[in-house]
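I opened a notebook to record what I looked up in this structure. The entries below follow the order in which I checked things.

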Amino acid sequence: MTSVKYRLFSSFALALIGFCLCFFFADNAIGYCGDDVQIIHQSIVALKDNIQQFINDYTYMNANNVDVVATNAYSWGTSFILVPIYKLFGLGNILMFKIVMIISFAAFLFIFSLYLSKKTNVIVSSLITLFIATCPFFITFSNDILKDLPFLLVSFICFIAIDSFLKEEVQKKQILYSLFVSLMLSLCVLFRENGGLMVIVLLFSQVVRIIQITKSEKKIDKYTYILFLLPYILTAGAYYLVSSKYPTFYQSELLNYSPMSMVKMTLYYLNQIKTEFFNLGNIFSFIFLIGIFFLFIIGLIKKYKQEYVAVIMLCTLFGYIVCPVEQGIRYIIPLLPFVFIFVGFAVASFKYLNLKLALLLLVVLNVFNVYSLSKMNLLLRFQYKDVNHGVTSVSAKELYNYIRENTPRNSKIIYWHPRAIYMYTGRLSFQISDKKEKLKNADYQVSIIGDDKPGSFYDKEMYDYTEKTYVSEADVYLIPVYRNTNYAMYKITKDSKK
């Protein structure tokens with residue numbers, strides 16, 4: 001058995017590698033994702049304690065958006081941990097918000113490596129953890145301010161807590177584990193809307209554990225049932241207390257339970273894994289995906305009885321794929337560690353030739369990651385943290401400043417990125433896509449006229465930014481009032497003379 005010091009050292013080293021790579025890639029800008037703006041804004045309103053006004057405004061904006069942009073409020077966990085960052089740095093240093101994401105990822109790597117090295121050995125766990133730490137997907141993804149990486153950390157710790165709780169035989173330790181599971185379940189529900197799936201993991205894991213105890217002909221005393229029930233009570237209480245002031249809204253209309261859509265989404269996420277983790281060209285990607293899948297199946301067959309909690313975690317995929325909206329691999333990030341855990345179980349169980357081949361596969365995957373990283377110019381990015389693009393570009397800040405100083409506080413502004421306008425100016429905003437008749441519902445229109453666009457499908461309708469334009473669909477005039485290198489702003493009026 002490898003010494004604890006050696007396991008700690010290797011886990012810390014791997015976490016440090018992951019932190020450095022992500023930090024080298026990070027910049028001081030917010031792109032066009034949109035979710036990051038809302039998460040930061042929720043940390044602002046949590047600090048200023050004007051939650052209800054925020055929710056009322058988001059309710060209005062979402063009701064007027066032609067396309068679905070967001071819920072009225074996301075889960076608040078990530079926003080809470082960003083409150084100190086906003087208090088210290090405001091919105092002037094976006095990089096500090098991203099460091100929280102990077103620390104979350106590095107902490108996950110440390111705990112994942114410790115866990116897997118205990119279950120397998122340091123060589124296997126180090127190769128697998130190194131593959132995750134050097135994965136270009138995670139390195140680029142950490143540059144977004146989203147709730148997925150903090151939830152990855154929290155949900156994985158919750159899994160370890162549940163696993164340890166159910167396998168503990170000493171009653172005094174069971175009490176401590178029961179309380180710790182309660183804490184972690186509460187955090188899971190707080191950090192992500194589908195964090196409630198961890199409650200289902202606990203429930204089914206407890207059922208399996210009760211069956212195991214019954215088969216062994218051991219008696220289950222009343223204290224065990226009380227300790228089993230305690231996490232549900234404490235988690236429900238914690239959720240009620242937090243949600244009474246910080247409510248979370250869910251988009252239930254996005255759920256779809258049809259068998260065909262669930263099959264489609266399963267195949268979609270498998271393809272996402274191939275694309276994001278084995279992006280080596282079609283042939284190589286397919287070969288490596290098959291190799292990893294083969295190892296995963298072997299590990300699953302060998303360890304499904306002992307590691308039933310990890311199996312149940314993987315089964316929560318059914319809770320993710322009922323949402324037929326393609327959200328990228330970020331949506332199933334909490335499940336990815338368990339694929340690699342069973343891969344580790346398989347590799348550690350091999351001997352001689354099979355072991356050498358499996359280790360060679362892991363080494364080759366790491367080499368490809370290093371090759372991909374070499375093309376990302378991380379050192380060059382490290383030297384230039386201030387990037388002039390997205391919602392924090394110089395021209396965007398000039399636009400926000402103009403809006404704050406030259407428009408009434410109750411103005412309504414049409415713009416494709418309403419969350420950015422709302423956070424930086426306090427003005428209500430919504431997007432109308434190509435529904436030009438909805439121009440009459442606002443006071444101003446903002447269009448992108450420069451090259452810094454999120455995609456060609458935005459701002460299809462361009463207006464003359466030197467002369468007023470009549471829009472017959474809404475029976476209004478657009479009168480240019482402001483222009484810089486990337487934005488044009490118009491006042492919407494029914495009177496052509498104004």
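**Entry 1: a loop residue.** I started with serine 433, which sits in the loop between strand 2 and strand 3. I keep in mind that the model is predicted. Serine 433 has a positive phi of about 50°, and it is not a glycine. I noted this because most residues other than glycine have a negative phi. I then asked how accessible serine 433 is. Its relative accessibility is 46%, so serine 433 counts as partly exposed.

**Entry 2: another positive phi.** I looked up tyrosine 352, which is not a glycine either and has a positive phi of about 55°. Tyrosine 352 is placed in helix 17, residues 352–374. Is tyrosine 352 buried or exposed? The relative accessible area of tyrosine 352 is 69%, and the cut-off for exposed is over 50%, so tyrosine 352 is exposed.

Entry 3: I went back to the strands on both sides of the loop from my opening entry. They belong to an open sheet of 6 strands with mixed pairing, in the order 2-1-3-6-5-4. Which strands are at the edges? They are strand 2 (428–430) and strand 4 (469–471), and each pairs on one side only. From one strand to the next, the twist averages 30°.

I reminded myself that strands of a sheet pair through backbone hydrogen bonds, either parallel or antiparallel. I then went through the pairs.

- Strand 1 (residues 412–414) pairs with strand 2 in the parallel sense, over 3 bridges. Lysine 412 has leucine 428 in strand 2 as its bridge partner.
- Strand 1 also pairs with strand 3 in the parallel sense, over 2 bridges. Here isoleucine 414 stands opposite glutamine 445 in strand 3.
- Strand 3 and strand 6 are antiparallel, with 5 bridges. Tyrosine 444 is opposite lysine 491 in strand 6.
- Strand 5 and strand 6 are antiparallel, with 6 bridges. Leucine 478 is opposite isoleucine 492 in strand 6. These two strands form a hairpin, with 3 residues between them.

**Entry 4: what covers the sheet.** How many residues of strand 3 are buried? I found 5 of its 5 residues buried, and strand 3 is mostly covered. Tyr444, Val446 and Ile448 point one way from strand 3, while Gln445 and Ser447 point the other way. In strand 6, 6 of the 7 residues are buried, so strand 6 is largely enclosed by the rest of the structure.

I looked for a helix on this sheet and found helix 19 (residues 394–406). Helix 19 lies across strand 1, strand 3 (444–448), strand 5 (476–483) and strand 6 (487–493). It runs at about 30° to strand 6.

**Entry 5: helix 9.** I checked the length of helix 9 (residues 171–191). At 1.5 Å a residue, its 21 residues should span 30 Å, and the end C-alpha atoms are 30 Å apart, which agrees. I then listed buried residues of helix 9, among them Gln174, Ser178, Val181, Ser182, Leu185 and Val189. What do the buried residues pack against? They pack against helix 4, helix 8 (148–167), helix 10 (197–215) and helix 11.

**Entry 6: aromatic rings.** I searched the whole structure for aromatic pairs and got 41. I picked phenylalanine 80 and tyrosine 246, an edge-to-face pair at 4.9 Å centre to centre, with 85° between the planes. Phenylalanine 80 lies in helix 4 (residues 77–89), and tyrosine 246 lies in the loop between helix 11 (222–245) and helix 12 (259–277), so the pair ties together parts 166 residues apart in sequence. Phenylalanine 80 is partly exposed, with a relative accessible area of 25%. Tyrosine 246 has a relative accessible area of 17% and is buried.

I also noted one aromatic cluster, formed by Phe105, Phe131, Phe137, Phe138, Phe141, Phe277, Phe278 and Phe340.

**Entry 7: charges over rings.** Last, I looked for charged side chains above rings. Arginine 381 lies over the face of phenylalanine 25, at 3.8 Å from the ring centre. Lysine 303 lies over the face of phenylalanine 345, at 5.7 Å from the ring centre.

Technical notes. Residues are numbered from 1 along each chain as its sequence is written. This is a predicted model: local features need pLDDT of at least 70, side-chain atom pairs count only at pLDDT 80 or more; totals for chains, interfaces and linings use all residues. Side-chain values use heavy atoms; hydrogens and water are left out. Two strands pair if DSSP finds at least two bridges between them. Helices (H or I, at least four residues) and strands (E, at least two) are DSSP runs, numbered from the N terminus. Axes are lines fitted to C-alpha atoms, for helices over the stretch in contact, and angles run from 0 to 180 degrees between N-to-C directions. Contact means heavy atoms within 4.5 Å. Rings of Phe, Tyr and Trp (its six-membered ring) pair if their centres lie within 6.5 Å; planes under 30 degrees apart count as stacked, over 60 as edge-to-face and the rest as tilted. Buried means under 20% relative accessible area, exposed over 50%, partly exposed in between (1.4 Å probe, protein chains only). A charge sits over a ring if NZ of Lys or CZ of Arg is within 6 Å of the ring centre and within 35 degrees of the ring normal. The expected span of a helix is 1.5 Å times one less than its number of residues.
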